[in-house]
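Hi there,

Here is the structure I promised to pass on. Have a look first, and my notes follow below.

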Amino acid sequence: MTGAILSMDAVSLSFKDKRVLDNLTFSIPRGQTFGFLGPSGAGKTTTIKLLTRQLAKDAGRISLLGRPIERASAADYERIGILSDTSALYDRMSIADNLRFYARLRGVSHGRVPYLLERMGLTDSAKTLIKNCSKGMRQRAALAASLVHQPELLFLDEPTSGLDPAARAEVHKMLGELRDRGTTVFLTTHDMAEAEAVCDRVAILNDGAIVACDDPEELKLRYARNRVVIRTRTRGTFEVAKDAAGADLIDDLMRAGELVSIHSDEPNLEEVFLEVTGREF
Amino acid sequence: MAASLRKLGALLDKDARDLLKNPTMVVAVILPAAMILLYHFVYREPLAVADGDPAVRVLIDGLFLASALCLSVGMVVSMTLIYGIAEEKEKHTLRTLMLANVSAGQVALAKGIVCLATTLVVGALCFALTGVGWGMFPAFIALTALGAVPVILLGLVLGLASRDQMTAGLYGTPILLLCLVPMFAPIAPEAEAVAAYTPLGGVCELLRLLLEGSLTPEAAALPLAVTAAWIAVGAVAFKLLYRRLAQDN
Ligand SMILES: Nc1ncnc2c1ncn2[C@@H]1O[C@H](COP(=O)(O)OP(=O)(O)O)[C@@H](O)[C@H]1O
Ligand SMILES: [Mg+2]
């Protein structure tokens, strides 16, 4: 696990008798955008709470910035940014004033505030009070606040939930820039398309256990369904296995002039999830 | 150290600015002032008598100053401090701060300092409205500050214990009542026995002794001890509870 900026080794957690996280093991090298993917209730937020010392694990080891989490110092936490599922800014302050407040807390210049506003598409609403902002604006403002001090490790708990497609695209672009700058990002999402678009590696979490962990492309190849989709003139659309029987069927259909089209059905992460867990996302 | 001071500075600035935009703050200022003005009507007759009778003067000044002190401390702590912290818990801004590497202690210190300053401003305003001679002002402000310390410590604990602004109202009421008991001591003998042992009873008694000109070390011992005991209670409660209460899952 050398070189990892963040890792979990056989970490488990129970609330009362309910096991919420089961034997989690992964490690994230510096600079990677790591997606923690799973349906609602899978344990994503709980995992972030363990990694940011909001909760204590029952068993296993967690290492943060190269040392056991129990020994992480206040100075270490200045190198980290966190957007939690409940992160919120001050209602009676404008977006820009909130960001300036966080810049001052973090001991960085206000000079970065206009840049962050611009990157989040909030320049025009810089003076809007948080209480008058839409949910999407608040979310982007809170994300900007977690970035004022240019953290080298960033935790984002469902940063795009509740955002419209345009705002989501802004956030995805920002994530791309963070990656270019070498920031390590631990991102949770229940959105498969998002994980495919922005993550270098994803772990799929189901009921508190990691059921797959790899490069998204690798996962898609591994769990590619061995089928093609056939469209015919009179017999409708159906799937055919990529085997000898399938080849014979396609041959027959072509000879009969029935075949309209053949699609190789590229699996997406959603289907990978279905494949590895046996249930719908 | 430098980082802690920087964070404290940022928090103080934010909390002080917010006070000016916060509608509950207006109530915390207006209510004590309005009560003091009301007293001028209620005690019209004793006030007229006091002009010719120094004994009545001392009594009525004591009543006015105790009320100004109790109302300032009680209203500002229950209205601004407890609600202010409860709002930060309810809206998760407290947790967001803590995730930005600010400690619960720093948040509490900033809120406590701003609350103390506000109490003194409201106290000064109320003092001006009492009509008591300005010679008493330094002692009044010093005793208001001293009396406010344990109430602010308890207010911090209750604010952190509040889940939301509704519970803040519930927790704020007993603190407010406890603060107001010494106000009634000069007019209700039943209150007098209890009043001496309430958080503000000590400082109100010191104020009375000073007005009467009978502030001796022996006379001051009990009220000072009561005040010190409440400060100790507030400090211990705060120390034991604040970290745990600051969590909000
Ligand atoms: N404080 C808690 N007490 C008991 N159960 C909890 C607590 N927090 C979360 N859980 C449970 O843990 C599971 C995982 O929750 P969570 O990590 O929030 O999921 P996700 O973020 O993936 O939607 C859920 O079943 C949830 O009900
Ligand atoms: Mg969650």
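How many residues does the contact take from chain B and from chain A? Chain B brings 23 residues and chain A brings 22 residues, where contact means heavy atoms within 4.5 Å.

Some housekeeping before the rest: this is a predicted model, in which local features need pLDDT of at least 70 and side-chain atom pairs count only at pLDDT 80 or more, while totals for chains, interfaces and linings use all residues. Residues are numbered from 1 along each chain as its sequence is written, chains are lettered from A and ligands numbered from 1 in the order in which they are written, and side-chain values use heavy atoms, with hydrogens and water left out.

**The interface**

About 2200 Å² is buried between chain B and chain A, and carbon and sulfur atoms give 51% of that; buried area is the accessible area (1.4 Å probe) that two parts lose on being put together, summed over both. Arg95(B), Leu99(B) and Asn101(B) supply 26% of the area that chain B buries against chain A, more than any other three residues.

There are six salt bridges between the two chains, each being a side-chain nitrogen of Lys or Arg within 4 Å of a carboxyl oxygen of Asp or Glu. One of them joins the side chains of Arg104(A) and Asp13(B), at 2.8 Å from N to O. On the chain B side, helix H1 (2-21), helix H4 (54-90) and helix H5 (93-99) each give two or more residues; helices are DSSP runs (H or I, at least four residues) and strands are too (E, at least two), numbered from the N terminus. H1(B) gives the most, with nine residues.

**The largest cavity**

The structure holds three cavities of 30 Å³ or more. A cavity is a set of points on a 1 Å grid over the protein atoms alone where a 1.4 Å probe fits but cannot get out, and its lining residues have an atom within 4 Å of a point. The largest has about 90 Å³ of space, a volume being the space filled by probe spheres set on the points, which are joined across faces, edges and corners.

Which residues line the largest cavity? Both chains take part: among them are Tyr102(A), Arg106(A), Ala142(A), Thr96(B) and Ala100(B). Leu99(B), named above for its buried area, is also in this lining. H5(A) gives the largest share, three residues.

Best wishes

Definitions and conventions. 1 Å grid on protein atoms, 1.4 Å probe; cavity = no way out; pocket = protein on both sides within 12 Å on 5 of 7 lines; lining within 4 Å.
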